[in-house]
Amino acid sequence: MAGERSLPVGAGVTKREAEVLDLLSQRLSNGAIAAKLVISERTVESHVSSLLRKLGGTNRRQLTELAGRNDKSEGANLPRRSSVRFIGRGPEVQSLVDSLAETQTQGFRVALVVGEPGVGKTRLTDEFARVAKDDKGATVLAARAFALGSTTAMATWVDALESHLRSLDAAQLRRLCGPWLRDVVALVPRISELVGGHPAELPSQRQAVETLGHVLRRLASSSPVLVVLDDAHLADGSSWNALERLARDLADSPVLVVLTARPPELNDVALARDVLARLGDEVVVQRVAVPPLEAAQVEELARALVGPDGVGDSLVDWIMARSWGNPLYAIGLLRALVDEGADLSAPSLHALPEGLSERIRSRLARLDRSAAALLELLAVFGRAATAAEIVWTSDLLLPDLIAPLEALIDAGLVIERDRHGRDLTYDVTHPMVSQAVYHGTTGVRRRVYHRSIAKHLRATGRLAESSSHLARGADLGDAEAVDALQSALQEAGRLGAYPEAHAILGALANVLPPRDERWLRAFDALSDEAQWILDHRGDVDAEPCIRAMQAMDALLAGGGDLVRRGIVKLRLASLYSYGIGDTERAASVAADALSLFEVSGDKARALLAKIELAAHHNVVGDLRGLENAAALLLDEAEEIGDPLLLMHVTGWLALGRSFSGEFAEANQLFRRSTQIATENDESFHRTWSQSIHATNLTMQGDVNGALALVRQVEQEGARLGESIFHECASIPHWAAGQFAESLKHVESAVNWHQGRLAKRRGFALPFGAMAAAELGDPDTAQRLLRIARSLYRDANFVVHRDLTVWAESVAAGLDGDLQTALQHAMRASDALLQVRCRAYAGPALAEVAEIAADVGDPDAFLAAMNAFERLAAQLDDAPFNRGLALLVKSCAPQIGDAERLTAAAAGADLFIELGYDSYAGRASCRMGVALANLGESGRSEDAFAQAERLFVQCGAVVRAARAAELSRSCLR
């Protein structure tokens with residue numbers, strides 16, 4: 001990044017102008033300065049003009065010289081804002097270092113560094129050039145191509161050569177150039193002042209290439225030469241021809257030419273494509289792709305920019321969601337947050353940073369009107385659109401779309417995807433581009449696009465998405481939009497499309513003013529069914545729905561219709577608790593609803609409110625309270641005789657019994673709840689009940705039965721993503737060691753909700769993270785853990801934060817950080833035991849025992865073993881826990897190897913019989929260690945082989961590698 005200069009007092013130079021002047025001193029072009037400062041080239045030109053006026057210069061060169069003198073002046077005060085630390089490109093730099101080394105034995109090489117704008121190609125080559133010069137002794141020549149380079153022959157090569165020659169004195173120049181000095185001066189006229197005389201007549205292009213080759217060969221005779229040509233896609237044709245000629249002339253010289261380019265623009269240059277193709281037949285042309293940064297690298301970048309104290313998961317996730325790991329965008333967003341004084345724990349910006357907007361708009365300037373209009377339409381869509389959708393909403397014929405679509409794809413602004421051979425879809429390549437285009441579109445055009453898209457979506461039955469576009473294309477109070485949204489709301493209620501109803505309600509909240517009487521009509525449009533409330537389906541994008549319900553509540557306040565007021569409050573309670581996790585307000589509002597129903601004498605609805613209050617115990621992690629409340633309500637539900645109320649009470653009691661480890665009773669209750677749902681055609685609740693039933697069977701020890709139930713639900717269920725099927729299905733697959741399938745279900749859950757998981761949906765994230773860690777994919781594990789931590793940062797939800805801590809233990813342990821793993825496992829098991837979540841406390845305690853044994857912490861092991869024994873005594877009919885007990889015993893330091901062997905062998909056999917293959921592999925490893933200690937090397941080798949086979953079968957590559965290594969170390 002640029003520094004800040006303190007110029008002579010009175011100069012009146014601004015901070016930004018000082019940054020521009022600093023970069024001018026580095027001989028950077030306007031384009032390079034714009035890239036580094038995240039501003040447009042036009043803005044750079046404006047700053048240069050201002051500097052010339054303020055500092056009395058007449059041209060750019062004088063400014064450069066002034067900047068240089070300022071650097072060298074005695075006592076000059078030139079504080080610099082430190083550069084952003086180079087982050088996350090180690091493998092790419094090493095690849096280039098290797099190529100440079102190869103030139104010393106194999107001669108001339110070309111490396112093509114490619115990546116999207118802003119991804120850090122220039123910074124990568126800058127860092128590589130520093131390493132090449134300082135660590136490898138290379139001579140570095142560097143230049144940047146620019147759009148008008150074609151006005152000067154071989155402009156890019158001449159600039160690169162000049163950058164080196166001007167660093168030499170006259171004697172050095174004469175020694176280097178030798179008999180070609182006159183030709184070199186003719187090629188680079190500006191060095192004539194260093195050696196005296198005047199430049200000769202400009203050489204022909206052939207002579208110029210020969211002269212350049214002579215100089216490079218002489219340079220390469222004493223040290224390897226690195227030539228960096230930045231933005232090569234802008235280079236003139238003669239520079240590309242020179243590259244091809246030099247590759248032949250210097251074939252045996254240790255010269256590495258590094259080109260940086262953007263793939264779409266490079267593909268547009270036919271000569272460049274041809275030269276690179278021909279070079280590939282003669283010399284090694286290495287392609288180095290520069291990918292976006294990973295989340296961990298963005299976190300490191302954020303810490304470098306804002307300091308370690310302000311960087312948390314929420315900031316990293318916010319930056320990643322908007323930048324997709326593009327360093328330019330990430331840095332721009334981070335600096336904008338700091339400039340606005342934003343709360344970094346809950347980041348938001350009022351608008352896209354102007355510098356980034358300018359840079360993105362500069363990429364769009366080359367588009368013709370038809371391509372720009374199509375890009376605007378896709379930005380308004382806000383998602384990938386099919387060709388048919390584009391045709392329907394743009395009023396264009398398909399043939400008319402070909403040229404603008406191809407132009408957008410070639411420019412790298414739109415990506416085309418094939419949806420499994422069905423439809424081609426088109427989407428803006430980056431959310432920052434989409435946002436800049438959207439906000440750069442005039443309000444009138446945006447409104448037209450939104451309404452056109454809404455009309456099409458409504459016609460195809462996508463009510464929720466249609467409503468969102470309709471709301472964004474309407475003014476506050478727009479009668480036509482309100483009528484259309486209320487009509488859609490009524491239709492969604494009639495169809496039982498509760499998620500769509502919620503989305504429409506949220507859209508209505510953005511169009512209808514709070515005190516508008518039309519909110520009562522919206523209330524009437526909602527179905528009076530309680531299922532969507534008690535099923536808590538309004539847990540995504542709950543805030544707009546809350547605003548809608550609050551508007552209804554305010555209009556009904558003080559009125560005599562107690563039942564209507566109670567219904568609104570009951571819906572609000574559900575949204576508060578399961579939507580945004582405001583449990584205190586949820587309980588208060590649910591209590592208000594109960595009072596209203598009781599005063600009105602409506603016993604059935606009063607029971608609805610009581611069920612919501614019972615669910616509140618679950619939300620806050622009061623699992624004993626959930627069981628007690630649901631048990632008391634069961635008799636009341638039986639008395640009222642409403643099967644749907646009975647279904648919900650039974651389901652909640654089953655969940656409470658499942659958490660507490662009363663597996664047999666929970667199974668009976670789940671079956672009853674499922675039967676009632678089936679008899680009353682309540683498919684959503686049937687899926688809910690069966691899905692959680694599968695988790696109960698898993699933790700009890702019947703994982704095969706759980707997987708069979710999962711398969712049954714998959715075959716029978718529809719719209720499984722609406723329920724918690726994928727979340728629940730991940731657990732039996734994880735326990736069975738089917739880690740890839742477990743992770744697949746978790747990703748399905750995340751994708752279904754487009755990454756916007758509500759708190760109740762996050763309980764699968766820990767199991768997905770553990771599965772990913774087992775599969776040797778720590779990046780995915782950490783991504784899922786970050787989502788979970790962001791969901792439960794402020795407070796636990798049920799026991800989801802405790803499960804997350806357990807998953808963090810597993811991930812840390814598989815990553816080799818056993819001390820951290822032990823601390824997390826102890827914390828998680830203690831928390832689960834404290835809230836009486838005995839079903840999941842068992843495997844967490846087993847984690848503590850195994851890690852404590854491995855790190856040699858007998859106190860931690862003894863505490864875990866004692867806690868496990870107390871837990872086991874409280875559980876009936878729990879084969880999984882019996883296996884865990886044997887695994888724990890096989891780690892016990894206070895017993896002999898023979899006893900540990902007996903426990904490990906029994907545990908492995910039981911886990912294999914039950915179908916918990918990964919746990920069987922863990923027990924087999926303990927067998928191998930005990931047998932080795934007893935001197936039975938043959939049997940030990942067999943045990944380790946069994947462990948490795950089981951782990952490989954599960955995809956647990958980390959454990960498989962460790963089993964192999966443990967076998968080798970034990971049998972040496």
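Predicted model: local features only at pLDDT ≥ 70, side-chain atom pairs only at ≥ 80, totals over all residues.
How many residues does α35 have, and how far does α35 reach from its first C-alpha to its last? Residues are numbered from 1 along each chain as its sequence is written, and side-chain values use heavy atoms, with hydrogens and water left out.

Now the helix. α35 has 17 residues and reaches 24 Å from its first C-alpha to its last, close to the 24 Å expected at 1.5 Å a residue. The expected span here is 1.5 Å times one less than the number of residues. Helices (H or I, at least four residues) and strands (E, at least two) are DSSP runs, numbered from the N terminus. Among the buried residues of α35 are F663, A666, N667, L669, F670 and S673. Buried means under 20% relative accessible area, exposed over 50%, and partly exposed in between, with a 1.4 Å probe and protein chains only. An α-helix has 3.6 residues a turn, so residues three or four places apart point the same way. The cover over the buried residues of α35 includes α34, α36 (683-700) and α44 (838-855), where contact means heavy atoms within 4.5 Å. After α35 comes D681, with a positive phi near 55 degrees.

Next, α33, residues 623-640. This helix has 18 residues and spans 25 Å between its first and last C-alpha, close to the 26 Å expected at 1.5 Å a residue. At L634, α33 bends by about 25 degrees; the bend at a residue is the angle between axes fitted to the seven residues ending there and the seven starting there. L634 is also one of the buried residues of α33, a list including L623, L626, E627 and L633. Those buried residues pack against α32 (603-619), α34 (643-660) and α35 (663-679). G641 follows α33 and has a positive phi, near 85 degrees.

Now to the sheet. In what order do the 5 strands of the open sheet stand? The order is β2-β3-β4-β1-β5, with parallel pairing. Two strands pair if DSSP finds at least two bridges between them. β2 (139-144) and β5 (284-289) are at the edges with a single partner strand each, so one side of each has no neighbour in the sheet. On average, neighbouring strands of this sheet are turned by 15 degrees against each other, direction ignored. Axes are lines fitted to C-alpha atoms, for helices over the stretch in contact, and angles run from 0 to 180 degrees between N-to-C directions. Within the sheet, β3 (residues 225-230) and β4 (residues 255-261) run parallel and are joined by 5 bridges. V225 stands opposite V255 in β4. Helix α7 (residues 155-165) packs on the sheet, where it touches β2, β3 and β4, and its direction makes about 135 degrees with that of β2.

Some backbone points. Most residues other than glycine have a negative phi, and most peptide bonds are trans. W324 is not a glycine, yet its phi is positive, about 55 degrees. W324 sits in the loop between α16 (313-323) and α17 (327-340). V798 also has a positive phi, near 55 degrees, in a residue other than glycine, and lies in the loop between α41 (778-791) and α42 (800-814). Are these two buried or exposed? W324 is partly exposed, with a relative accessible area of 45%, whereas V798 is buried, at 4%.

Finally, some single residues. S467, in helix α24 (residues 463-472), counts as buried because its relative accessibility is 2%. Leaving out residues up to four places away in sequence, S467 touches L485, A488, I504 and A507.

D897 belongs to helix α47 (residues 897-914). With residues up to four places away in sequence not counted, D897 touches A930, N933 and L934.

G382 is in the loop between α19 (369-381) and β6 (385-386) and is exposed, with a relative accessible area of 58%. G382 and S434 are 52 residues apart in sequence and 7.6 Å apart in space, C-alpha to C-alpha.
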